[in-house]
Amino acid sequence: MKTLVWVEHDGSAVKDATLAAVTAASKLGEVHLLVAGEGVDGVAKAASEIAGVGKVHVADNAAFAHNLPENIAPMIAELMASHDAFVAPATTTGKNIAPRVAALLDVMQISDILSVEGEKSFTRPIYAGNAIATVESSDAKLVLTVRGTAFEKAASSGGSGAIEAVGGGSDAGISSFVGAEIAKSERPELTSAKIIVSGGRALGSSEKYEEVIVPLADKLGAALGASRAAVDAGYVPNDYQVGQTGKIVAPEVYFAIGISGAIQHLAGMKDSKTIVAINKDEDAPIFQVADLGLVADLFNAVPELTGKI
Amino acid sequence: MKILVPVKRVLDYNVKPRVKSDGTGVDLANVKMSMNPFDEIGVEEAIRLKEKGVATEVVAVSVGPAKAQETLRTALAMGADRAILVQTDDAVEPLALAKIFKAIAEAEQPGLVILGKQAIDDDNNQTGQMLAALTGWAQGTFASKVEVEGEQVSVTREVDGGLETVKLKLPAIVTTDLRLNEPRYASLPNIMKAKSKPLDTKSPADYGVDTSPRVKVVKVSEPPVRQAGIKVADVDELVAKLKAMGVHS
(Lines give C-alpha, C1' and ligand atoms only; values in the text may rest on other atoms or scores of the structure.)
Protein backbone atom coordinates (compact mmCIF):
# COMPACT_ATOMS: atom_id res chain seq x y z
CA MET A 1 0.00 0.00 0.00
CA LYS A 2 1.24 3.50 -0.83
CA THR A 3 0.44 6.10 1.79
CA LEU A 4 0.56 9.88 1.56
CA VAL A 5 1.25 11.55 4.90
CA TRP A 6 0.38 15.21 5.52
CA VAL A 7 3.42 17.04 6.90
CA GLU A 8 2.39 19.51 9.58
CA HIS A 9 4.84 22.38 9.72
CA ASP A 10 5.15 26.02 10.70
CA GLY A 11 6.89 27.16 7.55
CA SER A 12 10.35 26.24 8.79
CA ALA A 13 10.21 23.06 10.88
CA VAL A 14 8.31 19.78 10.76
CA LYS A 15 5.95 19.44 13.73
CA ASP A 16 6.18 16.38 15.93
CA ALA A 17 2.60 15.30 15.20
CA THR A 18 3.84 14.40 11.71
CA LEU A 19 6.25 11.82 13.13
CA ALA A 20 3.50 9.84 14.84
CA ALA A 21 1.48 9.88 11.61
CA VAL A 22 4.53 8.52 9.77
CA THR A 23 4.73 5.63 12.23
CA ALA A 24 1.04 4.84 11.73
CA ALA A 25 1.42 5.02 7.94
CA SER A 26 4.49 2.78 7.99
CA LYS A 27 2.30 0.02 9.44
CA LEU A 28 0.23 0.17 6.25
CA GLY A 29 3.01 0.27 3.68
CA GLU A 30 5.24 2.64 1.77
CA VAL A 31 5.41 6.16 3.26
CA HIS A 32 5.26 9.18 0.97
CA LEU A 33 5.02 12.66 2.42
CA LEU A 34 3.25 15.78 1.28
CA VAL A 35 4.69 19.18 2.16
CA ALA A 36 2.36 21.98 1.12
CA GLY A 37 2.94 25.70 1.56
CA GLU A 38 4.82 28.61 0.12
CA GLY A 39 8.62 28.68 0.24
CA VAL A 40 8.88 25.31 1.93
CA ASP A 41 12.24 24.05 0.61
CA GLY A 42 13.64 23.88 4.14
CA VAL A 43 10.64 21.91 5.43
CA ALA A 44 10.85 19.56 2.45
CA LYS A 45 14.50 18.87 3.18
CA ALA A 46 13.81 18.22 6.87
CA ALA A 47 10.89 15.97 5.91
CA SER A 48 13.06 13.96 3.51
CA GLU A 49 15.31 13.08 6.47
CA ILE A 50 12.52 11.44 8.48
CA ALA A 51 13.42 7.77 8.89
CA GLY A 52 11.72 5.38 6.51
CA VAL A 53 10.37 7.95 4.10
CA GLY A 54 10.16 7.22 0.37
CA LYS A 55 9.10 10.16 -1.74
CA VAL A 56 8.45 13.70 -0.52
CA HIS A 57 5.90 15.50 -2.68
CA VAL A 58 6.33 19.24 -2.41
CA ALA A 59 3.44 21.52 -3.36
CA ASP A 60 4.96 24.99 -3.25
CA ASN A 61 2.40 27.58 -4.25
CA ALA A 62 1.08 30.84 -2.83
CA ALA A 63 -2.41 29.28 -2.83
CA PHE A 64 -1.18 26.70 -0.29
CA ALA A 65 0.41 29.23 2.07
CA HIS A 66 -2.12 29.17 4.88
CA ASN A 67 -3.46 25.63 4.75
CA LEU A 68 -6.75 26.76 3.20
CA PRO A 69 -8.59 23.46 2.61
CA GLU A 70 -10.52 24.93 -0.34
CA ASN A 71 -7.20 25.20 -2.23
CA ILE A 72 -5.32 22.25 -0.78
CA ALA A 73 -7.91 19.45 -0.77
CA PRO A 74 -8.33 19.28 -4.59
CA MET A 75 -4.53 19.02 -4.99
CA ILE A 76 -4.39 16.15 -2.49
CA ALA A 77 -7.34 14.41 -4.12
CA GLU A 78 -5.38 14.47 -7.38
CA LEU A 79 -2.26 13.04 -5.72
CA MET A 80 -4.43 10.27 -4.30
CA ALA A 81 -4.83 8.86 -7.83
CA SER A 82 -1.42 7.27 -7.22
CA HIS A 83 -1.74 6.57 -3.48
CA ASP A 84 -3.92 4.22 -1.45
CA ALA A 85 -4.18 6.03 1.87
CA PHE A 86 -4.10 9.67 2.96
CA VAL A 87 -2.84 9.93 6.52
CA ALA A 88 -2.94 13.18 8.50
CA PRO A 89 -2.11 13.91 12.12
CA ALA A 90 -5.28 14.70 14.09
CA THR A 91 -4.25 18.32 14.60
CA THR A 92 -6.63 21.19 13.88
CA THR A 93 -5.06 21.43 10.42
CA GLY A 94 -5.36 17.71 9.75
CA LYS A 95 -8.95 17.68 10.99
CA ASN A 96 -9.77 20.65 8.77
CA ILE A 97 -8.32 19.21 5.57
CA ALA A 98 -8.67 15.40 5.70
CA PRO A 99 -12.50 15.16 5.61
CA ARG A 100 -12.59 17.56 2.67
CA VAL A 101 -10.19 15.25 0.84
CA ALA A 102 -12.20 12.17 1.87
CA ALA A 103 -15.47 13.58 0.50
CA LEU A 104 -13.80 14.54 -2.79
CA LEU A 105 -12.67 10.90 -3.05
CA ASP A 106 -16.07 9.58 -1.92
CA VAL A 107 -14.36 7.87 0.99
CA MET A 108 -15.63 7.64 4.57
CA GLN A 109 -12.77 8.89 6.75
CA ILE A 110 -11.64 7.08 9.88
CA SER A 111 -10.81 9.74 12.49
CA ASP A 112 -8.32 9.76 15.30
CA ILE A 113 -6.97 6.21 15.00
CA LEU A 114 -5.29 4.70 18.06
CA SER A 115 -3.90 1.58 16.39
CA VAL A 116 -3.59 -0.20 13.08
CA GLU A 117 -5.16 -3.66 13.39
CA GLY A 118 -4.97 -4.73 9.77
CA GLU A 119 -4.84 -3.38 6.24
CA LYS A 120 -8.25 -1.72 6.61
CA SER A 121 -8.88 -2.16 10.28
CA PHE A 122 -8.24 0.34 13.06
CA THR A 123 -9.22 1.23 16.61
CA ARG A 124 -10.49 4.68 17.49
CA PRO A 125 -12.00 6.37 20.54
CA ILE A 126 -15.71 7.19 20.64
CA TYR A 127 -17.78 8.91 23.36
CA ALA A 128 -14.81 11.03 24.47
CA GLY A 129 -12.66 7.95 24.93
CA ASN A 130 -15.21 6.20 27.13
CA ALA A 131 -15.36 3.43 24.53
CA ILE A 132 -12.97 2.13 21.91
CA ALA A 133 -14.35 1.02 18.54
CA THR A 134 -12.62 -1.42 16.24
CA VAL A 135 -13.65 -0.46 12.71
CA GLU A 136 -13.04 -1.77 9.22
CA SER A 137 -13.23 0.26 6.03
CA SER A 138 -14.80 -1.09 2.85
CA ASP A 139 -13.74 1.87 0.69
CA ALA A 140 -11.20 1.45 -2.10
CA LYS A 141 -8.94 4.08 -0.56
CA LEU A 142 -8.33 5.13 3.02
CA VAL A 143 -8.40 8.55 4.62
CA LEU A 144 -7.18 8.52 8.21
CA THR A 145 -6.35 10.98 10.95
CA VAL A 146 -3.93 9.80 13.61
CA ARG A 147 -3.98 10.52 17.32
CA GLY A 148 -0.39 11.62 17.96
CA THR A 149 -0.11 10.28 21.50
CA ALA A 150 -1.07 6.74 20.43
CA PHE A 151 1.95 6.14 18.18
CA GLU A 152 5.70 6.35 18.75
CA LYS A 153 7.35 9.19 16.88
CA ALA A 154 9.39 8.19 13.84
CA ALA A 155 13.02 9.31 14.01
CA SER A 156 13.41 12.74 12.45
CA SER A 157 16.75 11.83 10.88
CA GLY A 158 18.31 8.94 9.02
CA GLY A 159 15.95 8.96 6.04
CA SER A 160 16.70 10.02 2.50
CA GLY A 161 13.42 10.55 0.69
CA ALA A 162 13.43 11.76 -2.90
CA ILE A 163 11.97 15.25 -3.24
CA GLU A 164 9.50 15.68 -6.09
CA ALA A 165 7.63 18.86 -6.99
CA VAL A 166 3.86 18.76 -7.35
CA GLY A 167 2.75 20.89 -10.29
CA GLY A 168 -0.36 22.99 -10.58
CA GLY A 169 -2.47 24.31 -7.76
CA SER A 170 -4.62 27.38 -7.81
CA ASP A 171 -6.60 29.65 -5.54
CA ALA A 172 -10.23 28.52 -5.53
CA GLY A 173 -11.07 32.15 -4.83
CA ILE A 174 -13.62 31.42 -2.11
CA SER A 175 -11.51 31.81 1.02
CA SER A 176 -8.65 33.92 2.26
CA PHE A 177 -6.42 34.06 5.30
CA VAL A 178 -6.80 37.22 7.38
CA GLY A 179 -4.48 36.66 10.32
CA ALA A 180 -3.54 34.55 13.29
CA GLU A 181 -2.85 35.07 16.95
CA ILE A 182 -0.49 32.29 17.85
CA ALA A 183 0.93 32.45 21.34
CA LYS A 184 4.71 32.71 21.21
CA SER A 185 6.46 31.14 24.10
CA GLU A 186 9.82 29.81 25.23
CA ARG A 187 8.04 26.89 26.80
CA PRO A 188 7.75 23.48 25.19
CA GLU A 189 4.56 22.96 23.21
CA LEU A 190 1.76 21.30 25.13
CA THR A 191 1.38 18.35 22.78
CA SER A 192 5.09 17.48 22.69
CA ALA A 193 6.22 18.43 26.23
CA LYS A 194 7.86 15.86 28.51
CA ILE A 195 6.34 17.46 31.60
CA ILE A 196 3.05 19.35 31.84
CA VAL A 197 1.80 21.33 34.82
CA SER A 198 -1.95 21.90 34.61
CA GLY A 199 -4.17 23.97 36.86
CA GLY A 200 -7.90 23.78 37.48
CA ARG A 201 -10.79 25.80 38.79
CA ALA A 202 -9.60 25.45 42.39
CA LEU A 203 -6.99 28.13 41.64
CA GLY A 204 -9.74 30.73 41.62
CA SER A 205 -8.11 33.38 39.42
CA SER A 206 -5.59 34.04 36.68
CA GLU A 207 -3.37 35.77 39.28
CA LYS A 208 -3.24 32.59 41.35
CA TYR A 209 -2.51 30.54 38.23
CA GLU A 210 0.49 32.84 37.58
CA GLU A 211 1.55 32.74 41.19
CA VAL A 212 1.20 29.01 41.89
CA ILE A 213 1.33 27.03 38.62
CA VAL A 214 3.80 29.02 36.51
CA PRO A 215 6.78 28.88 38.95
CA LEU A 216 6.56 25.07 39.19
CA ALA A 217 6.41 24.80 35.40
CA ASP A 218 9.36 27.21 35.10
CA LYS A 219 11.40 25.16 37.53
CA LEU A 220 10.72 21.90 35.69
CA GLY A 221 10.91 23.33 32.17
CA ALA A 222 7.34 22.14 31.72
CA ALA A 223 4.49 23.17 29.43
CA LEU A 224 1.44 24.85 30.95
CA GLY A 225 -2.01 23.30 30.78
CA ALA A 226 -5.43 23.79 32.27
CA SER A 227 -8.81 22.14 32.69
CA ARG A 228 -11.81 23.31 30.71
CA ALA A 229 -13.24 24.83 33.89
CA ALA A 230 -10.14 27.01 34.31
CA VAL A 231 -10.28 28.07 30.66
CA ASP A 232 -13.99 28.82 30.79
CA ALA A 233 -13.43 30.87 33.95
CA GLY A 234 -10.89 32.93 32.00
CA TYR A 235 -7.80 32.08 34.08
CA VAL A 236 -5.80 31.12 30.96
CA PRO A 237 -6.24 31.27 27.17
CA ASN A 238 -8.16 28.48 25.47
CA ASP A 239 -5.11 26.91 23.83
CA TYR A 240 -4.03 25.77 27.33
CA GLN A 241 -6.99 23.42 27.54
CA VAL A 242 -6.28 19.73 28.00
CA GLY A 243 -9.22 17.40 27.42
CA GLN A 244 -11.44 15.77 24.88
CA THR A 245 -12.46 19.15 23.47
CA GLY A 246 -8.99 20.63 23.93
CA LYS A 247 -5.61 19.04 23.46
CA ILE A 248 -4.85 15.34 23.88
CA VAL A 249 -1.53 14.96 25.67
CA ALA A 250 0.63 12.09 26.91
CA PRO A 251 3.75 13.49 28.58
CA GLU A 252 6.18 11.59 30.82
CA VAL A 253 4.77 13.42 33.84
CA TYR A 254 1.44 15.25 34.12
CA PHE A 255 0.75 17.41 37.16
CA ALA A 256 -2.99 17.92 37.74
CA ILE A 257 -3.28 20.70 40.30
CA GLY A 258 -6.67 21.66 41.66
CA ILE A 259 -8.28 19.62 38.91
CA SER A 260 -11.13 17.37 40.01
CA GLY A 261 -10.82 15.02 37.04
CA ALA A 262 -13.98 15.31 34.95
CA ILE A 263 -14.34 12.62 32.25
CA GLN A 264 -13.75 15.35 29.70
CA HIS A 265 -10.36 16.19 31.19
CA LEU A 266 -9.29 12.59 31.81
CA ALA A 267 -9.92 11.80 28.15
CA GLY A 268 -7.21 14.30 27.26
CA MET A 269 -4.44 13.17 29.61
CA LYS A 270 -5.03 9.63 30.84
CA ASP A 271 -2.31 8.22 28.59
CA SER A 272 0.36 10.23 30.43
CA LYS A 273 3.11 7.98 31.76
CA THR A 274 2.93 9.30 35.32
CA ILE A 275 0.07 11.39 36.69
CA VAL A 276 0.61 13.47 39.80
CA ALA A 277 -2.49 14.94 41.43
CA ILE A 278 -2.68 17.59 44.11
CA ASN A 279 -6.17 18.31 45.37
CA LYS A 280 -7.67 19.02 48.75
CA ASP A 281 -10.71 16.84 48.07
CA GLU A 282 -9.61 13.29 48.74
CA ASP A 283 -12.63 11.93 46.84
CA ALA A 284 -11.78 13.83 43.64
CA PRO A 285 -11.96 11.43 40.66
CA ILE A 286 -8.47 12.52 39.57
CA PHE A 287 -7.05 10.32 42.37
CA GLN A 288 -8.51 7.23 40.67
CA VAL A 289 -6.06 7.67 37.80
CA ALA A 290 -3.16 9.36 39.60
CA ASP A 291 0.07 7.44 40.20
CA LEU A 292 1.07 9.87 42.92
CA GLY A 293 -1.67 11.67 44.82
CA LEU A 294 -1.30 14.31 47.47
CA VAL A 295 -4.36 15.42 49.42
CA ALA A 296 -3.46 18.97 50.37
CA ASP A 297 -4.30 22.61 49.95
CA LEU A 298 -2.62 23.48 46.67
CA PHE A 299 -1.85 27.04 47.78
CA ASN A 300 0.52 25.62 50.42
CA ALA A 301 1.65 22.41 48.77
CA VAL A 302 2.59 23.69 45.31
CA PRO A 303 4.90 26.52 46.42
CA GLU A 304 6.53 24.07 48.85
CA LEU A 305 6.96 21.56 46.01
CA THR A 306 8.41 24.29 43.78
CA GLY A 307 10.88 25.17 46.52
CA LYS A 308 11.99 21.61 47.19
CA ILE A 309 12.09 19.95 43.80
CA MET B 1 -30.35 35.01 4.09
CA LYS B 2 -31.44 31.61 5.20
CA ILE B 3 -29.37 29.53 7.65
CA LEU B 4 -29.47 25.76 7.76
CA VAL B 5 -28.56 24.12 11.09
CA PRO B 6 -28.13 20.36 11.21
CA VAL B 7 -28.69 18.90 14.70
CA LYS B 8 -28.09 15.40 16.06
CA ARG B 9 -29.77 13.52 18.85
CA VAL B 10 -27.08 11.99 21.06
CA LEU B 11 -26.56 10.53 24.51
CA ASP B 12 -26.78 13.45 26.94
CA TYR B 13 -23.29 14.73 27.75
CA ASN B 14 -23.85 14.29 31.48
CA VAL B 15 -24.58 10.57 31.15
CA LYS B 16 -21.63 8.22 31.43
CA PRO B 17 -21.64 5.93 28.39
CA ARG B 18 -21.82 2.21 29.16
CA VAL B 19 -20.41 -0.27 26.69
CA LYS B 20 -22.85 -3.14 26.01
CA SER B 21 -21.58 -6.47 27.29
CA ASP B 22 -21.88 -8.07 23.84
CA GLY B 23 -19.47 -5.48 22.43
CA THR B 24 -21.88 -4.19 19.78
CA GLY B 25 -21.93 -0.60 20.95
CA VAL B 26 -22.88 1.76 23.73
CA ASP B 27 -26.13 1.14 25.59
CA LEU B 28 -28.71 3.76 24.57
CA ALA B 29 -31.78 2.04 26.04
CA ASN B 30 -33.61 4.14 28.63
CA VAL B 31 -30.95 6.82 28.93
CA LYS B 32 -31.37 10.56 28.55
CA MET B 33 -30.81 11.79 25.00
CA SER B 34 -30.24 15.43 24.09
CA MET B 35 -29.14 17.68 21.28
CA ASN B 36 -25.42 17.38 20.55
CA PRO B 37 -23.90 20.32 22.51
CA PHE B 38 -21.90 21.62 19.53
CA ASP B 39 -25.10 21.64 17.44
CA GLU B 40 -26.87 23.58 20.18
CA ILE B 41 -24.15 26.23 19.80
CA GLY B 42 -24.87 26.19 16.06
CA VAL B 43 -28.60 26.77 16.61
CA GLU B 44 -27.83 29.61 19.03
CA GLU B 45 -25.47 31.27 16.56
CA ALA B 46 -28.05 31.06 13.76
CA ILE B 47 -30.74 32.57 15.98
CA ARG B 48 -28.42 35.40 17.04
CA LEU B 49 -27.72 36.15 13.37
CA LYS B 50 -31.46 36.29 12.81
CA GLU B 51 -31.92 38.59 15.82
CA LYS B 52 -29.22 40.87 14.41
CA GLY B 53 -31.16 41.06 11.16
CA VAL B 54 -28.46 39.20 9.20
CA ALA B 55 -30.53 36.06 8.70
CA THR B 56 -34.17 35.92 7.73
CA GLU B 57 -34.96 32.28 8.43
CA VAL B 58 -33.41 29.46 10.46
CA VAL B 59 -34.14 25.91 9.29
CA ALA B 60 -33.15 23.04 11.60
CA VAL B 61 -32.59 19.62 10.08
CA SER B 62 -31.90 16.26 11.67
CA VAL B 63 -31.18 12.83 10.25
CA GLY B 64 -32.27 10.15 12.69
CA PRO B 65 -35.07 8.12 14.21
CA ALA B 66 -38.63 9.39 14.80
CA LYS B 67 -37.51 10.55 18.25
CA ALA B 68 -35.11 13.04 16.66
CA GLN B 69 -38.32 15.10 16.35
CA GLU B 70 -37.77 16.01 20.00
CA THR B 71 -34.34 17.39 19.15
CA LEU B 72 -35.84 19.43 16.32
CA ARG B 73 -38.58 20.72 18.64
CA THR B 74 -35.82 21.88 21.00
CA ALA B 75 -34.23 23.81 18.12
CA LEU B 76 -37.64 25.28 17.26
CA ALA B 77 -38.20 26.25 20.90
CA MET B 78 -34.83 28.00 20.95
CA GLY B 79 -35.96 30.05 17.94
CA ALA B 80 -35.55 28.12 14.69
CA ASP B 81 -38.44 28.79 12.28
CA ARG B 82 -39.06 25.35 10.83
CA ALA B 83 -37.57 21.89 10.79
CA ILE B 84 -36.92 18.93 8.52
CA LEU B 85 -36.59 15.41 9.87
CA VAL B 86 -34.90 12.95 7.51
CA GLN B 87 -36.16 9.85 9.21
CA THR B 88 -34.14 6.65 9.37
CA ASP B 89 -33.36 4.10 12.05
CA ASP B 90 -29.94 3.37 10.54
CA ALA B 91 -26.78 4.91 11.89
CA VAL B 92 -25.82 7.35 9.14
CA GLU B 93 -22.12 8.08 8.58
CA PRO B 94 -20.78 11.63 8.04
CA LEU B 95 -20.25 11.09 4.29
CA ALA B 96 -23.89 10.08 3.73
CA LEU B 97 -25.05 12.85 6.07
CA ALA B 98 -23.07 15.37 4.02
CA LYS B 99 -24.77 14.06 0.87
CA ILE B 100 -28.22 14.49 2.44
CA PHE B 101 -27.36 18.01 3.67
CA LYS B 102 -26.03 18.88 0.23
CA ALA B 103 -29.36 17.90 -1.34
CA ILE B 104 -31.22 19.94 1.27
CA ALA B 105 -28.89 22.89 0.70
CA GLU B 106 -29.60 22.71 -3.03
CA ALA B 107 -33.33 22.86 -2.33
CA GLU B 108 -33.19 25.51 0.41
CA GLN B 109 -30.34 27.71 -0.91
CA PRO B 110 -29.03 28.84 2.50
CA GLY B 111 -26.33 31.51 2.83
CA LEU B 112 -24.76 29.63 5.73
CA VAL B 113 -24.86 26.10 7.06
CA ILE B 114 -23.78 26.00 10.71
CA LEU B 115 -22.92 22.58 12.12
CA GLY B 116 -21.35 21.36 15.35
CA LYS B 117 -17.67 20.56 14.84
CA GLN B 118 -18.33 17.02 15.99
CA ALA B 119 -21.02 14.91 17.59
CA ILE B 120 -20.09 13.73 21.07
CA ASP B 121 -21.06 10.12 20.36
CA ASP B 122 -18.93 9.15 17.36
CA ASP B 123 -16.47 12.06 17.67
CA ASN B 124 -15.84 12.00 13.91
CA ASN B 125 -15.42 15.72 13.23
CA GLN B 126 -16.10 15.32 9.49
CA THR B 127 -19.62 16.25 8.39
CA GLY B 128 -19.12 20.00 7.95
CA GLN B 129 -15.87 19.64 6.02
CA MET B 130 -17.41 16.93 3.83
CA LEU B 131 -20.46 19.06 3.11
CA ALA B 132 -18.12 21.90 2.13
CA ALA B 133 -16.27 19.56 -0.25
CA LEU B 134 -19.46 18.29 -1.88
CA THR B 135 -21.00 21.74 -2.32
CA GLY B 136 -17.68 23.31 -3.30
CA TRP B 137 -18.25 25.99 -0.64
CA ALA B 138 -15.70 27.46 1.72
CA GLN B 139 -15.41 26.16 5.28
CA GLY B 140 -14.73 27.86 8.59
CA THR B 141 -14.25 25.05 11.08
CA PHE B 142 -13.93 25.22 14.90
CA ALA B 143 -15.37 28.72 14.98
CA SER B 144 -15.17 30.94 18.05
CA LYS B 145 -16.46 34.06 16.24
CA VAL B 146 -18.65 34.48 13.18
CA GLU B 147 -19.29 37.84 11.51
CA VAL B 148 -21.24 38.21 8.30
CA GLU B 149 -20.01 41.17 6.26
CA GLY B 150 -22.01 41.60 3.06
CA GLU B 151 -21.25 38.73 0.69
CA GLN B 152 -18.59 37.34 3.02
CA VAL B 153 -18.30 35.82 6.44
CA SER B 154 -15.32 36.30 8.70
CA VAL B 155 -14.66 33.26 10.91
CA THR B 156 -12.23 33.17 13.82
CA ARG B 157 -11.09 29.59 14.30
CA GLU B 158 -9.64 27.84 17.34
CA VAL B 159 -6.46 26.21 16.11
CA ASP B 160 -3.54 24.49 17.84
CA GLY B 161 -1.52 27.26 19.44
CA GLY B 162 -4.14 30.00 19.25
CA LEU B 163 -6.64 31.61 16.90
CA GLU B 164 -6.81 32.14 13.16
CA THR B 165 -9.18 34.28 11.13
CA VAL B 166 -10.32 33.46 7.61
CA LYS B 167 -12.68 35.28 5.27
CA LEU B 168 -15.08 33.10 3.29
CA LYS B 169 -17.31 33.84 0.34
CA LEU B 170 -20.99 33.09 0.96
CA PRO B 171 -22.59 30.60 0.84
CA ALA B 172 -20.28 28.93 3.32
CA ILE B 173 -20.05 26.20 5.93
CA VAL B 174 -19.25 26.98 9.57
CA THR B 175 -18.59 24.43 12.29
CA THR B 176 -18.83 25.51 15.91
CA ASP B 177 -16.36 25.23 18.75
CA LEU B 178 -17.26 25.47 22.43
CA ARG B 179 -16.55 29.13 23.00
CA LEU B 180 -18.59 30.52 20.11
CA ASN B 181 -21.53 31.29 22.41
CA GLU B 182 -23.58 30.03 25.32
CA PRO B 183 -26.84 28.57 24.05
CA ARG B 184 -30.03 29.88 25.60
CA TYR B 185 -32.61 27.81 27.41
CA ALA B 186 -35.96 27.69 25.68
CA SER B 187 -38.66 29.46 27.69
CA LEU B 188 -41.92 27.66 28.45
CA PRO B 189 -44.00 29.87 26.10
CA ASN B 190 -41.47 29.22 23.35
CA ILE B 191 -41.59 25.46 24.00
CA MET B 192 -45.39 25.65 23.61
CA LYS B 193 -45.06 27.77 20.47
CA ALA B 194 -42.54 25.33 18.98
CA LYS B 195 -45.19 22.60 18.94
CA SER B 196 -47.05 24.37 16.17
CA LYS B 197 -44.03 25.31 14.05
CA PRO B 198 -43.77 23.36 10.77
CA LEU B 199 -41.81 20.08 10.80
CA ASP B 200 -41.50 18.15 7.53
CA THR B 201 -40.64 14.47 7.52
CA LYS B 202 -38.57 13.02 4.70
CA SER B 203 -36.43 9.94 4.10
CA PRO B 204 -32.84 9.58 2.82
CA ALA B 205 -34.33 8.05 -0.36
CA ASP B 206 -36.20 11.33 -1.00
CA TYR B 207 -32.77 12.86 -1.50
CA GLY B 208 -31.44 9.90 -3.47
CA VAL B 209 -28.80 9.10 -0.86
CA ASP B 210 -27.64 5.58 -0.11
CA THR B 211 -26.89 5.41 3.62
CA SER B 212 -25.36 1.95 3.75
CA PRO B 213 -22.26 2.10 5.92
CA ARG B 214 -18.78 2.18 4.41
CA VAL B 215 -17.09 1.54 7.72
CA LYS B 216 -18.10 -1.53 9.69
CA VAL B 217 -17.96 -1.40 13.47
CA VAL B 218 -16.40 -4.76 14.35
CA LYS B 219 -16.64 -4.30 18.09
CA VAL B 220 -16.87 -1.70 20.82
CA SER B 221 -14.97 -2.25 24.03
CA GLU B 222 -14.17 -0.51 27.30
CA PRO B 223 -10.99 1.54 27.27
CA PRO B 224 -8.10 0.14 29.29
CA VAL B 225 -8.57 1.07 32.92
CA ARG B 226 -5.82 3.02 34.57
CA GLN B 227 -5.09 1.82 38.10
CA ALA B 228 -4.90 4.32 40.91
CA GLY B 229 -1.40 4.58 42.36
CA ILE B 230 -0.47 5.67 45.83
CA LYS B 231 -1.22 8.64 48.01
CA VAL B 232 1.78 10.38 49.48
CA ALA B 233 1.64 11.85 52.97
CA ASP B 234 3.26 15.19 52.31
CA VAL B 235 5.27 17.30 49.90
CA ASP B 236 8.57 15.80 51.08
CA GLU B 237 7.45 12.30 50.16
CA LEU B 238 6.18 13.58 46.79
CA VAL B 239 9.52 15.28 46.10
CA ALA B 240 11.40 12.08 47.02
CA LYS B 241 9.24 9.96 44.69
CA LEU B 242 9.56 12.45 41.85
CA LYS B 243 13.32 12.68 42.27
CA ALA B 244 13.55 8.87 42.24
CA MET B 245 11.79 9.02 38.84
CA GLY B 246 14.29 11.58 37.62
CA VAL B 247 11.90 14.52 37.84
CA HIS B 248 13.64 17.53 39.33
CA SER B 249 14.82 20.96 38.33
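Two strands count as paired if DSSP finds at least two bridges between them. The model discussed here is predicted.

- An open sheet is formed by 4 strands in the order E6(A)-E7(A)-E8(A)-E12(B), with antiparallel pairing.
- Strand E6 (115–116) of chain A and E12 of chain B stand at the edges with a single partner strand each, so one side of each has no neighbour in the sheet.
- E6(A) pairs with strand E7 (residues 121–126) of chain A in the antiparallel sense, over 2 bridges.
- Within this part of chain A, Ser115(A) has Thr123(A) of E7(A) as its bridge partner.

**Strand pairing between E11(A) and E9(B)**
- Strand E11 (residues 175–182) of chain A and E9(B) are joined by 7 bridges in the antiparallel sense.
- Ile182(A) has Gly162(B), in E9(B), as its bridge partner.

**Contact between the chains**
- Chain B contributes 64 residues to the contact, and chain A contributes 67 residues.
- Among the elements that give two or more residues to the side of chain B that touches chain A are helix H3 (94–108), strand E9 (162–169), strand E12 (215–221) and helix H6 (235–244) of chain B.
- E9(B) supplies the largest share of that side, with 8 residues.
- By residue class, the side of chain B that touches chain A comprises 32 nonpolar, 14 polar and 18 charged residues.

How values were computed: Residues are numbered from 1 along each chain as its sequence is written. Chains are lettered from A and ligands numbered from 1 in the order in which they are written. This is a predicted model: local features need pLDDT of at least 70, side-chain atom pairs count only at pLDDT 80 or more; totals for chains, interfaces and linings use all residues. Two residues are in contact if their C-beta atoms, placed from the backbone, lie within 7 Å. Ala, Val, Leu, Ile, Met, Phe, Trp, Tyr, Cys and Pro count as nonpolar, Asp, Glu, Lys and Arg as charged, and the others, Gly among them, as polar.
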